[in-house]
Amino acid sequence: MSVPAQASVVVIGGGVMGCSTLYHLAAAGVSDAILLERNQLTSGTTWHSAAQVRALRSSKNLTDLIKYSISLYSSLEQETGQATGWINKGSLSIATNPDRLTFIKRQEALAKLYGVSASSISVTEAIERWPMMSPRDVIGAVWSPDDGRVGPSDLCTALVKGARSRGAKMFEHTGVTGINTRNNRIVGVVTSAGEIDCEAIAICTGLWSRENAAMAGVEVPVWPCEHFYLLTNPIDGIAGNLPTLSDHDSHLYIRDDSGGLLVGCFEPVGKAIAPEQIGEDFAFQLLPEDWEHFEPMLENALHRLPCLADADIRMLLNGPESFTPDGAFLLGESAETDGLFLGCGMNSVGVATGGGAGMA
């Protein structure tokens with residue numbers, strides 16, 4: 001199937017943001033919208049996402065985005081017939097010092113205002129939900145039952161299937177080589193398969209958004225950083241799925257994965273990388289393991305999960321993610337070029353927010 005000569009909207013990027021944007025455009029009646037992906041769906045960063053969907057956040061807008069994502073992800077299979085891998089096992093946030101306890105209790109109060117289910121529970125109840133966790137320094141916890149996780153590749157497949165059922169089209173192995181503008185307005189896009197006239201473009205290309213937006217004279221402040229999580233082989237005592245465990249004081253998030261554990265971190269000092277290290281052809285790839293950088297987080301993880309000391313480590317996954325200077329998303333029409341919309345800079349929570357952000 002060849003690319004059309006004209007479309008109302010062209011979405012660039014086949015990750016969760018691009019697929020969600022296409023889905024919501026089609027659902028809104030833009031039946032000639034198309035998505036262009038230079039490689040294959042999810043080939044950038046979406047495929048290696050830990051894909052946790054935790055609603056309670058620091059602002060109402062961000063919380064509402066994720067609440068909508070939860071609603072969409074939990075119902076999309078019924079609509080499309082395509083499984084999304086949605087698992088609703090809730091999330092548990094623990095506190096290990098009085099300041100953190102005050103913070104998570106404040107979050108619990110905000111949850112009532114934001115319409116999110118969350119409640120304080122005792123340390124004993126927290127251990128019941130996460131029996132492998134060491135409770136030595138835990139002084140309190142908040143339980144959020146509606147949270148969960150999703151399969152990122154399955155999710156994107158379901159979103160595209162829903163979009164196609166409404167007339168939208170998707171083209172893989174179709175790279176964008178230029179963006180045409182006239183009087184600071186989008187008029188078309190140049191691809192490896194030909195030119196497409198269009199009135200609007202949505203840049204949803206994650207790590208490559210800076211370069212893609214520059215084709216239309218738009219500056220996008222996103223920068224790649226290395227993002228780590230540890231994967232183990234199966235561990236005795238893990239049967240079925242556990243809630244997601246957030247230990248903010250140790251900068252960790254933890255969940256089960258295929259009978260083993262996934263231990264991820266947002267370390268206090270991240271590791272930025274030069275964009276040229278990623279390159280245009282980076283697809284379904286990872287960066288080298290860096291145990292020296294991860295070691296402080298591993299010590300925290302061993303403190304929280306003593307069973308890790310005897311676990312068989314499968315890999316230290318190092319996947320690049322794009323971040324913004326202020327930690328805020330880039331959503332909406334650009335200031336420099338009319339018709340150029342941004343859906344990028346998701347700061348490693350693209351899957352959690354992608355449902356709602358794609359609608360926005």
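## Salt bridges

A salt bridge here is a side-chain nitrogen of Lys or Arg within 4 Å of a carboxyl oxygen of Asp or Glu. Arg185 and Asp338 meet this rule, with their closest N and O atoms 3.4 Å apart. Arg185 lies in the loop between strand S9 (176-181) and strand S10 (186-191), and Asp338 in the loop between strand S18 (330-333) and strand S19 (340-344), so this bridge ties together parts that are 153 residues apart in sequence. Helices (H or I, at least four residues) and strands (E, at least two) are DSSP runs, numbered from the N terminus. Arg185 is partly exposed at 44% relative accessible area, and Asp338 is partly exposed at 32%. For these labels, buried means under 20% relative accessible area, exposed over 50%, and partly exposed in between, with a 1.4 Å probe and protein chains only.

The model is predicted: local features need pLDDT of at least 70, side-chain atom pairs count only at pLDDT 80 or more, and totals for chains, interfaces and linings use all residues. Residues are numbered from 1 along each chain as its sequence is written, and side-chain values use heavy atoms, with hydrogens and water left out.

## Other bridges and a network

The structure holds 13 salt bridges. One of them joins Arg166 and Glu79, at 2.9 Å from N to O. Arg166 sits in the loop between helix H5 (152-164) and strand S8 (169-171), while Glu79 belongs to helix H2 (residues 60-80), so the pair ties together parts that are 87 residues apart in sequence. Both ends are partly exposed: Arg166 at 31% relative accessibility and Glu79 at 37%.

Asp137 and Arg304 form another salt bridge, at 3.0 Å from N to O. This pair links distant parts of the chain, with Asp137 in the loop between helix H4 (123-129) and strand S6 (140-144) and Arg304 in helix H8 (residues 291-304), 167 residues apart. Asp137 is partly exposed, with a relative accessible area of 27%, whereas Arg304 is buried at 0%. Salt bridges link Asp137, Asp247 and Arg304 in a network.

## Nonpolar cores

A nonpolar core is a set of buried Ala, Val, Leu, Ile, Met, Phe, Trp, Tyr and Cys residues joined through side-chain atoms within 4.5 Å. The largest one has 48 residues, and those with the most contacts inside it are Tyr73, Val150 and Leu155. Two or more residues each come from strand S1 (6-12), helix H1 (16-27), H2, helix H3 (98-114), H5, strand S11 (194-203) and helix H9 (350-359). H1 gives the largest share of this core, 7 residues.

Not counting residues up to four places away in sequence, Tyr73 touches Val16, Val53, Thr84, Trp86, Val150, Leu155, Val351, Gly354 and Gly355, where contact means heavy atoms within 4.5 Å. A second, separate core has 28 residues, including Leu242, Met297, Ala301 and Leu308.

## Aromatic rings

Rings of Phe, Tyr and Trp (its six-membered ring) pair if their centres lie within 6.5 Å; planes under 30 degrees apart count as stacked, over 60 as edge-to-face and the rest as tilted. The count by this rule is 4 aromatic pairs. Phe228 and Phe294 form a tilted pair, 6.4 Å centre to centre with 40° between the planes. Phe228 lies in strand S12 (residues 223-232) and Phe294 in helix H8, so the pair ties together parts that are 66 residues apart in sequence. Phe228 is buried at 0% relative accessibility, and Phe294 is buried at 1%. The rings of Tyr253 and Phe266 are also tilted, with centres 5.7 Å apart and planes at 40°. Ring pairs link Phe228, Trp291 and Phe294 into a cluster.

A charge sits over a ring if NZ of Lys or CZ of Arg is within 6 Å of the ring centre and within 35 degrees of the ring normal. The charged end of Arg38 sits over the ring of Trp208, 4.4 Å from its centre. Arg129 lies over the face of Trp143, at 4.4 Å from the ring centre.

## Cysteines

A disulfide is a pair of cysteine sulfur atoms within 2.5 Å, and the count by this rule is 0 disulfides. The sulfur of Cys307 is 17 Å from the closest cysteine sulfur, in Cys265, which is too far for a bond. Cys344 is in no disulfide either, the nearest cysteine sulfur being that of Cys204, 7.4 Å away. Cys307 is partly exposed at 22% relative accessibility, whereas Cys344 is buried at 1%.
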